[in-house]
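Visitor: I have a model open and would like to learn how to read its folds. Can you take me through it feature by feature?

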Amino acid sequence: MTKLDDWLGQHHAAFTAIRRDIHSHPELGLEEVRTAKLVADKLREWGVEVAENVGKTGVVGVIRGNQPGERAIGLRADMDCLALEETTNLPYSSRNHGRMHACGHDGHTTMLLAAAQYLAENRDFAGTVNLIFQPAEEGRGGANAMLADGLFERFPCDAIYGLHNTPGMPASTFGTTVGPFLAAADSWKVAFHGVGGHGGSQPHRSTDITYAQAHFVLGLQGIIGRNVAPLDTAVISVGYIHGGDVNASNVIPSELVIGGTARTYSQEVRDMVERRIADLAAATAQAWGCRAEAHYHRGTSPLVNEAEQVRVAVAAASAAVGAEHVNGQLRPGTGGEDFAEMMLVRPGAFMRIGNGVNPDGSFVGLHTPLYDFNDAIIPDGVRYWVGLVDQELGQGLRAIAAE
């Protein structure tokens, strides 16, 4: 048994309690006051240098190795929750109405905290580890908020790493790949305006925007089928259609709003999708004698893993759980991840850790009211973080034999 294994055996229960405490008190992005204080207080308790209020509610801890070295790396975890009502009925379920840790950020924060304590107690490495506890990953721009607050000017990093749990992957397996790994997560909205009227007696006096909307929805998939190259990836989905009134079914509405999401891996395809949605809205509106206003909002950027950082990440994960449990060519997904904004500035790699699968193959997915982070994977997450420091900044940190 290694020194790290022995340490994890002694501390696993304590960090499970911390994870469940965070789970019970979820906070939305840029509102993580309690969570940020817990993180900062624990880091200080372990002798870690702490900076608070980085990007409003972000926290950065700095651990300097006791060996000479100039290299610095960043390890990042997210802290915010989702606006969702929890239905797990667990003893530690959310105490905040309409708020839930349904994406596992409570577990991400805990695993990095545990790694922080171990690294603070075992500084036999050369260089600096910056522990980045990011707020507002779930669509509120926490990564850009930290960057605007001088994250990498104040805490220089030669490389950065992120970790996210994945239900449906066996517990404590890891996976990543070189190149595009997650997609740009954009949103779009089109408002159709026309002349409403009586749908029963005088529909011919209206410019029926529902026709325009119907053809627009059908045309959206034509963008994917005929404007996106067959080997490129793009998704356009409709998320809502609002028009008319349930109490006035005989009235043709004069305004209808439709919106959804778009996912892409490359800047060229992203630009094209934005342009074609606007073109299609205008053309279908004109065809039916009405007008359209299209709005496209760019969310998180595509997340693109660098080859060198993937090599390091795979080596660290292999040291943590064995190479047979690590997939270095995991299939990319079209989810979005705010960490991509940091990776535009510094080279990095994003890794998945399995959250588990039931014996019958079922699992509870992220962003659902029955989800819960699997506390059993905390030790392997810590092994991964410590392994990254070992790979980047020194040899032997993880494998020192227990005395």
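Guide: First, the ground rules. This is a predicted model, where local features need pLDDT of at least 70, side-chain atom pairs count only at pLDDT 80 or more, and totals for chains, interfaces and linings use all residues. Residues are numbered from 1 along each chain as its sequence is written, and side-chain values use heavy atoms, with hydrogens and water left out.

Visitor: How far does helix 2 reach from its first C-alpha to its last?

Guide: Helices (H or I, at least four residues) and strands (E, at least two) are DSSP runs, numbered from the N terminus. The expected span of a helix is 1.5 Å times one less than its number of residues. Helix 2 (residues 33–45) has 13 residues and reaches 18 Å, close to the 18 Å expected. Just after helix 2, Gly 47 takes a positive phi of about 80°.

Visitor: Which residues of helix 2 are buried?

Guide: Buried means under 20% relative accessible area, exposed over 50%, partly exposed in between (1.4 Å probe, protein chains only). In helix 2, the buried residues are Thr 35, Ala 36, Leu 38, Val 39, Ala 40 and Leu 43. An α-helix has 3.6 residues a turn, so residues three or four places apart point the same way. The cover over the buried residues of helix 2 includes helix 1 (3–24), strand 1 (49–54), strand 2 (58–64), helix 3 (105–121) and strand 4 (126–134).

Visitor: At what angle do helix 2 and helix 3 cross?

Guide: Axes are lines fitted to C-alpha atoms, for helices over the stretch in contact, and angles run from 0 to 180 degrees between N-to-C directions. The axes of helix 2 and helix 3 cross at roughly 15° and come within 10 Å. Angles under 35 degrees count as roughly parallel, over 145 as roughly antiparallel, 65 to 115 as roughly perpendicular and the rest as oblique. Helix 2 and helix 3 are therefore roughly parallel to each other. A crossing is left-handed if the near helix is turned anticlockwise from the far one by less than a right angle, and right-handed if clockwise. The crossing of helix 2 and helix 3 is right-handed. Contact (heavy atoms within 4.5 Å) is made by Leu 38, Val 39, Lys 42 and Leu 43 of helix 2 with Thr 109, Leu 113 and Ala 116 of helix 3.

Visitor: What is the strand order in the sheet of 8 strands?

Guide: Two strands pair if DSSP finds at least two bridges between them. Here the order is 1-2-4-3-5-16-6-15, in an open sheet with mixed pairing. Strand 1 and strand 15 (326–327) stand at the edges with a single partner strand each, so one side of each has no neighbour in the sheet. Helix 3 packs on this sheet, touching strand 2, strand 3 (67–78), strand 4 and strand 5 (159–167).

Visitor: Which strands does strand 2 pair with, and over how many bridges?

Guide: Strand 2 pairs with strand 1 in the antiparallel sense over 4 bridges. Ala 51 has Val 60 as its bridge partner. Strand 2 also pairs with strand 4, antiparallel, over 6 bridges. In the hairpin of strand 1 and strand 2, Gly 55 takes a positive phi near 70°.

Visitor: How do helix 8 and helix 10 pack?

Guide: Helix 8 (residues 307–321) lies across strand 3, strand 5, strand 6, strand 15 and strand 16. Against helix 10 (residues 378–393), helix 8 packs at about 130°, with the axes 8 Å apart. That makes helix 8 oblique to helix 10. The crossing is right-handed.

Visitor: What about the sheet of 4 strands: which order does it have?

Guide: The order is 10-12-8-13, open and antiparallel. Strand 10 (234–243) and strand 13 (291–300) are at the edges, each with a single partner strand, so one side of each is left without a neighbour in the sheet. Strand 8 (residues 184–193) and strand 12 (residues 255–264) are joined by 10 bridges. Ala 191 stands opposite Val 257.

Visitor: Where does Lys 189 lie, and what is it in contact with?

Guide: Lys 189 lies in strand 8. At 37% relative accessibility, Lys 189 counts as partly exposed. Leaving aside neighbours within four places in sequence, contacts of Lys 189 include Tyr 240, Val 257 and Glu 293. Lys 189 and Val 257 are 68 residues apart along the chain, with C-alpha atoms separated by 7.1 Å.
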